[in-house]
Amino acid sequence: MSSVASVHSLWTVAHGAPGKIPAPHIEYAQLSPTLIVLGAAVLGVVVEAFVPRRHRYYSQLLLTVVALAAAFAAVIGLAAGGFGSAKAHIAAMGALAVDGPALFLQGTILLVSLVAVFTFAERRLDPAAHGKHVDSFAAQPAAVPGGAAEQAAVKAGFTTTEVFPIALFAVGGMLVFPAANDLLTLFIALEVFSLPLYILCALARRQRLLSQEAAVKYFLLGAFSSAFLLFGVALLYGYAGTVTYAGIAEVISDGAKQIDPALAGTMGNDALLLIGAALVLMGLLFKVGAVPFHMWTPDVYQGAPTPVTGFMAAATKVAAFGALLRLLYVVLPGMRWDWQPVMWGVAIITMLGGAIVAITQTDIKRLLAYSSIAHAGFILAGVIATSEEGISSVLFYLAAYSFVTLGAFAVVTLVRDAGGEATQLSKWAGLGRRSPLVAAVFAVFLLAFAGIPLTSGFAGKFAVFKAAAQSGAGWLVVVGVLSSAIAAFFYIRVIVLMFFQEPKADGPTVAVPSPLTTTAIAIGVAVTLVLGLAPQYFLDLAGQAGVFVR
């Protein structure tokens with residue numbers, strides 16, 4: 001009866017004041033980075049519809065680069081205006097947070113995406129088909145692989161320029177994901193960036209069946225993870241009577257005081273809280289690629305077009321860890337003693353599982369996939385620290401890791417044989433003698449992954465392990481160091497293969513890229529070395545951005 005009475009009172013209030021529905025109050029300037037990216041994505045769809053095919057490539061590339069650069073400038077403007085510290089607040093009627101971690105992560109995602117777009121636009125690696133330059137993407141993705149329609153599209157020299165607006169939609173979702181301040185916004189952002197990624201994974205020009213298989217696996221497992229997350233959202237709403245982060249955190253900390261008398265019969269049930277929180281965490285751990293929710297990672301990384309793999313491996317991790325941090329630090333700090341032991345277990349099996357299985361890999365993309373799983377475990381060590389140092393160390397690690405990953409996958413696109421990219425590790429034997437510069441650059445990225453001093457990987461690992469040790473997770477650090485030692489073995493094995501083995505007579509060649517891919521790799525090397533040699537400024541920047549608004 002009480003619920004019927006409350007509905008009736010709402011109806012009478014609305015009936016007594018017709019035309020008084022309040023207009024939403026949206027702070028457009030503070031949401032400008034996301035609005036610029038999504039606006040450019042919509043404009044990109046219009047370009048696909050109305051611009052002649054021969055002009056689309058340059059139009060889309062220019063639009064995408066300008067949009068990402070403008071959105072990054074907007075993030076810098078907001079940070080300079082104090083929205084990362086003193087003016088941090090909840091915007092868009094409680095849906096989004098504008099604070100230090102959100103701006104830092106958004107800036108990282110935008111820079112990574114800008115560099116990734118250069119690899120998307122590369123058109124010099126494959127030999128020209130029928131007098132036209134071709135890229136990494138299928139000439140006509142809707143055509144049956146190997147069918148007459150695909151052959152006609154290749155002969156006509158078609159290129160799939162819609163990858164640019166699709167990537168922009170994914171970036172828009174990623175910008176919202178770590179800033180989401182209620183569970184429904186979190187779910188919508190997850191879908192907005194996941195659906196474009198499923199499409200991008202299916203668009204490889206070579207090995208199209210493998211690419212489509214990767215996309216289907218990613219889609220099916222991603223649908224499961226979305227279902228878990230949504231079911232968790234429903235249970236948390238049943239527990240707290242609200243989907244806002246602050247509202248749920250209040251009910252967890254104050255219990256009965258915050259419960260609406262009309263809903264007292266269903267709210268405050270700890271079983272709903274524990275199961276709901278576990279399901280939401282499962283959805284987010286799937287996105288970061290933590291064991292045992294990592295099953296999709298190796299197959300998708302191997303099957304997707306390599307530029308997409310690099311973009312996905314770098315940007316998705318940044319967005320997903322940002323959302324995970326906000327959930328644990330803003331919504332569930334009152335449940336710390338419940339979730340911390342579980343996250344300990346996940347971090348340990350993720351670090352060890354990723355490092356041990358990577359040793360057995362014979363494909364360079366699968367090796368980097370298991371490497372990314374191990375790195376997810378290292379980052380979780382910083383998440384578990386539950387301190388400001390923990391947040392800032394995770395932010396720094398994400399920034400460092402994303403550029404190393406992007407650079408490594410950009411190098412993979414250069415090593416080619418007659419069938420396209422030569423990803424079999426055995427084919428990389430003697431690469432250091434055939435192309436010393438490419439092998440040296442790849443070695444720098446591998447040493448950064450291994451956490452060797454004077455690289456960004458060492459600074460990042462040192463920061464997260466230090467934060468974990470200070471919070472009392474000493475044993476976790478011991479496991480992390482052991483995992484790093486195991487991981488160093490297979491990184492150094494690849495370096496030995498490249499520099500200390502004879503090249504095969506029928507080995508792959510190294511393609512000469514355009515300035516676009518060269519720029520992407522150069523930025524990766526520069527960030528790796530700068531963050532390794534002089535990390536303090538960036539650690540301080542991450543430290544200043546390490547406080548969530550509640």
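pLDDT is the predictor's confidence in each residue, from 0 to 100. This structure is a predicted model, and the mean pLDDT of its protein chain is 87, with 93% of the residues reaching 70 or more. Residues 1–14 are a stretch where pLDDT stays under 50, and for them the model has one contact beyond four places in sequence.

**Helix α13**
- Helix α13 covers residues 336–358, and because its 23 residues should span 33 Å at 1.5 Å a residue, the 32 Å between its end C-alpha atoms agrees with that expectation.
- The buried residues of α13 include W339, M343, V346, T350 and A358, and among the elements that cover the buried residues of this helix are α10 (270–288), α12 (306–331), α14 (364–384) and α19 (474–500).

**The sheet of three strands**
- Three strands form an open sheet in the order β4-β3-β5, and their pairing is antiparallel; β4 (420–421) and β5 (509–510) are the edge strands, each of which pairs on one side only.
- Strand β3 (residues 415–417) runs antiparallel to β5 and is joined to it by two bridges, and R416 has T509 in β5 as its bridge partner.

**The largest pocket**
- The largest pocket holds about 680 Å³ of space, and its lining is made up of 26 residues, among which F72, I76, F104, T108 and L541 lie nearest the centre.
- At least two residues of this lining come from each of α3 (53–80), α4 (100–120), α15 (388–412), α20 (515–533) and α21 (536–544), while α4 supplies the largest share, nine residues.

Technical notes: Residues numbered from 1 in each chain as written. Predicted model: local features only at pLDDT ≥ 70, side-chain atom pairs only at ≥ 80, totals over all residues. Heavy atoms only, no water. Contact = heavy atoms within 4.5 Å. Pairing = 2+ DSSP bridges. Helix = DSSP H or I, 4+ residues; strand = E, 2+ residues; numbered from the N terminus. Expected span 1.5 Å × (residues − 1). Buried < 20%, exposed > 50% of the residue type's maximum accessible area, 1.4 Å probe, protein only. 1 Å grid on protein atoms, 1.4 Å probe; cavity = no way out; pocket = protein on both sides within 12 Å on 5 of 7 lines; lining within 4 Å. Points joined across faces, edges and corners; volume = space filled by probe spheres on them.
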